[in-house]
Amino acid sequence: MKMRGEQEALLCGVRSLLPEMQRDALGFDEAAEFPRASLEALAELGALKASLPEQFEGLGFGYGEQGAAELLRLFMLLGEASLSVARLYEAHVNALQLIVRYGSESLAWACAEDAGQKHIFALWVTDPHGQELVLEPRGTGFVLRGRKDFCSGAGTATRALITANDRTGTRMLLVRLRPGERVLSSRLKLGGMRAAVTGSVDFSGMEVEQSDLIGEVGDYLREPAFSAGAWRGSAAALGGLAAIVECHREQILQRHREDDPHQRMRFGQNVIAYETARLWMVKVARLACVEDDSAEAIVAYVNLARLAVEAVCLEAMQTAQRSLGLSGFIAGSRMEMLCRDLGAYLRQPAPDETLTKAAAYYFRNAFPGI
Ligand SMILES: Cc1cc2nc3c(=O)[nH]c(=O)nc-3n(C[C@H](O)[C@H](O)[C@H](O)COP(=O)(O)OP(=O)(O)OC[C@H]3O[C@@H](n4cnc5c(N)ncnc54)[C@H](O)[C@@H]3O)c2cc1C
């Protein structure tokens with residue numbers, strides 16, 4: 001598919017950043033530090049506005065067939081560069097898409113301006129077990145009570161779409177934060193995705209205005225957008241898989257072991273794994289962005305794609321580790337970091353339910369083409 005000028009320029013720009021971002025990723029991982037230089041370089045290229053529709057002065061990444069292909073390409077490049085950067089960017093895109101889909105036009109414009117001024121948006125929707133974030137009426141607005149966990153970009157993202165519950169259900173709202181504001185000093189340390197700087201944020205006492213609410217009660221969970229949005233995480237994971245396949249290839253070549261039949265077999269299996277995941281993603285990106293089927297059909301297919309990508313990634317990591325042996329586990333080496341990051345990133349919510357719901361759908365409706 002032919003890319004459009006500005007969109008192609010952005011993708012070329014990101015591709016040219018790849019070697020630098022890959023080098024930097026090791027340092028950010030070691031220090032468990034937010035990848036500021038990578039995000040700043042992406043912001044310079046205009047990537048923070050790319051996923052806005054053209055009516056909000058974006059590049060339309062993620063909208064329509066062309067936008068689907070472009071956003072898939074972008075996530076694959078970022079995942080190949082650094083899964084933590086891809087994760088942070090994925091949340092930024094997700095938040096902006098929800099704001100455009102459900103928010104008022106004035107809020108969407110304000111957020112487009114913020115993105116243009118290099119504010120990074122986060123999406124923080126995970127409540128501590130059994131303690132949801134509560135939105136209570138106060139005066140003409142609201143006040144929040146509680147916190148969010150697993151917040152990527154905590155302390156650095158200065159805009160966040162969060163969910164909170166009032167008496168009627170779950171609402172989305174936009175919060176504005178200063179760097180470091182409300183971040184809890186957490187003992188939680190993830191073994192992988194360390195540079196995504198995932199922490200907890202305490203919103204207790206924060207005041208929110210009516211104009212910061214996004215959409216209606218229940219919109220966050222509305223299908224197909226809620227489940228179909230998972231395609232973006234899978235696209236980033238696919239980029240991580242590409243990095244593993246390339247690292248696997250380089251290291252076997254460096255050891256001059258490429259003529260060994262077992263090494264050839266394992267590398268061949270990993271190329272198949274990558275291509276299998278890529279083919280799923282091409283189809284699923286189009287389906288999720290164009291939305292030209294029923295919500296149920298879109299969700300079922302995206303759910304299968306998510307699990308298919310997860311399965312091939314898990315297998316490919318094991319295969320690459322088997323090929324490289326213990327050197328694939330040297331702390332701070334590229335393969336070790338890639339597998340640690342991808343292993344953590346693949347832990348997305350409710351995988352069992354995702355597969356069984358999709359299977360239930362295809363019991364009721366024959367799988368397309370069968
Ligand atoms: C790198 C990274 C960054 C993240 N950043 C953010 C962020 O910025 N904002 C945010 O909101 N979240 C974030 N998350 C959290 C994410 O959204 C999910 O909450 C998290 O990944 C869920 O993973 P889990 O394995 O704990 O899922 P779970 O859904 O708890 O799954 C764990 C296992 O339990 C099973 N299971 C699930 N539910 C049930 C049940 N009811 N009964 C029995 N078994 C069950 C599942 O099938 C699975 O086998 C991040 C996650 C990662 C990995």
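Biologist: Which residues do ring pairs link into a cluster with Trp280?
Modeller: This is a predicted model. Ring pairs join Trp280 to a cluster.

Biologist: Is Tyr301 buried or exposed?
Modeller: The cut-off for buried is under 20% relative accessible area. Trp280, at 21%, is partly exposed. Tyr301 has 7% relative accessibility, so Tyr301 counts as buried.

Biologist: How are the ring planes of Phe75 and Trp231 arranged?
Modeller: Phe75 sits in helix 4 and Trp231 in helix 8 (residues 230-254), 156 residues apart. Both are buried. Their ring centres are 6.3 Å apart. The planes are at 85°, so the pair is edge-to-face.

Biologist: How does helix 4 run relative to helix 5, roughly parallel or roughly antiparallel?
Modeller: The axes of helix 4 (residues 64-81) and helix 5 (residues 83-102) come within 7 Å. They cross at roughly 150°. Angles over 145 degrees count as roughly antiparallel. Helix 4 is therefore, relative to helix 5, roughly antiparallel.

Biologist: How many nonpolar residues does the contact of helix 4 with helix 5 have?
Modeller: Helix 4 contributes Leu71, Leu74, Phe75, Leu78 and Gly79. Helix 5 brings Leu83, Val85, Ala86, Tyr89, Glu90, Val93 and Gln97. By class, 2 are polar and 1 is charged, and the nonpolar residues number 9.

Conventions. Residues numbered from 1 in each chain as written. Predicted model: local features only at pLDDT ≥ 70, side-chain atom pairs only at ≥ 80, totals over all residues. Heavy atoms only, no water. Axes fitted to C-alpha atoms, helices over the stretch in contact; angles between N-to-C directions. Helix = DSSP H or I, 4+ residues; strand = E, 2+ residues; numbered from the N terminus. Parallel < 35°, antiparallel > 145°, perpendicular 65-115°, else oblique. Contact = heavy atoms within 4.5 Å. Nonpolar A, V, L, I, M, F, W, Y, C, P; charged D, E, K, R; others polar. Phe/Tyr/Trp six-rings, centres within 6.5 Å; stacked < 30°, edge-to-face > 60°. Buried < 20%, exposed > 50% of the residue type's maximum accessible area, 1.4 Å probe, protein only.
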